[in-house]
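Please read it alongside the sequence and the structure shown here.

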Amino acid sequence: MNWSFLGQKAKNLQILKNAGFLVPNFIVLCKEEYDRIIQSEIYGQEFIAKVSSQLSGNIFAVRSSASSEDTQISSWAGQFHTEIHIEKQNLIQAIELTRNESLKNMKTWEALSIIIQEYIE
């Protein structure tokens, strides 16, 4: 998987998961998939079905993951956006909000992805 397009947070979550840490399951939404979801209500419904098949539970966190954050030279802690306690039927809106808020701190959308992660209270 090309992590440079999926962001450091997604990459670091996968590294922790592979090392045996208890990381809630997640999927990563790249720019191209985001564009399809926004442009097609049918694809948006298919994406929700994909989330349902790959992640357990009905409540999620929607998090940004940028290639510029969590690197050896910068953290960008608190500069991006996370939506928590999101019900399945509200995922598309939370994805849009997370993307739009995160883009306020970035020059390009190309280096941003969105993490959909099981939410644990």
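In this predicted model, strand β2 (residues 59-66) is joined to β3 by 4 bridges, and the two run antiparallel. Within this pairing, V62 has E83 of β3 as its bridge partner, while in β4 the bridge partner of V62 is I116.

These pairings belong to an open sheet of 4 strands, which has the order β1-β4-β2-β3 and antiparallel pairing. Because β1 (26-29) and β3 (82-87) stand at the edges and each has a single partner strand, one side of each is left without a neighbour in the sheet. Neighbouring strands are turned by 25° against each other on average, with direction ignored. Helix α3 (residues 41-54) packs on this sheet and touches β1, β2 and β4 (112-118), its direction making about 155° with that of β1.

| Strand pair | Bridges | Sense |
|---|---|---|
| β2 and β3 | 4 bridges | antiparallel |
| β1 and β4 | 4 bridges | antiparallel |
| β2 and β4 | 7 bridges | antiparallel |

How many residues of β4 are buried? The count is 7 of the 7, so β4 is largely enclosed by the rest of the structure. In a regular strand the side chains alternate between the two faces of the sheet. In β4, L112, I114, I116 and E118 point one way, whereas S113, I115 and Q117 point the other way, and all of these residues are buried.

Note on methods. Residues are numbered from 1 along each chain as its sequence is written. This is a predicted model: local features need pLDDT of at least 70, side-chain atom pairs count only at pLDDT 80 or more; totals for chains, interfaces and linings use all residues. Side-chain values use heavy atoms; hydrogens and water are left out. Two strands pair if DSSP finds at least two bridges between them. Axes are lines fitted to C-alpha atoms, for helices over the stretch in contact, and angles run from 0 to 180 degrees between N-to-C directions. Contact means heavy atoms within 4.5 Å. Buried means under 20% relative accessible area, exposed over 50%, partly exposed in between (1.4 Å probe, protein chains only).
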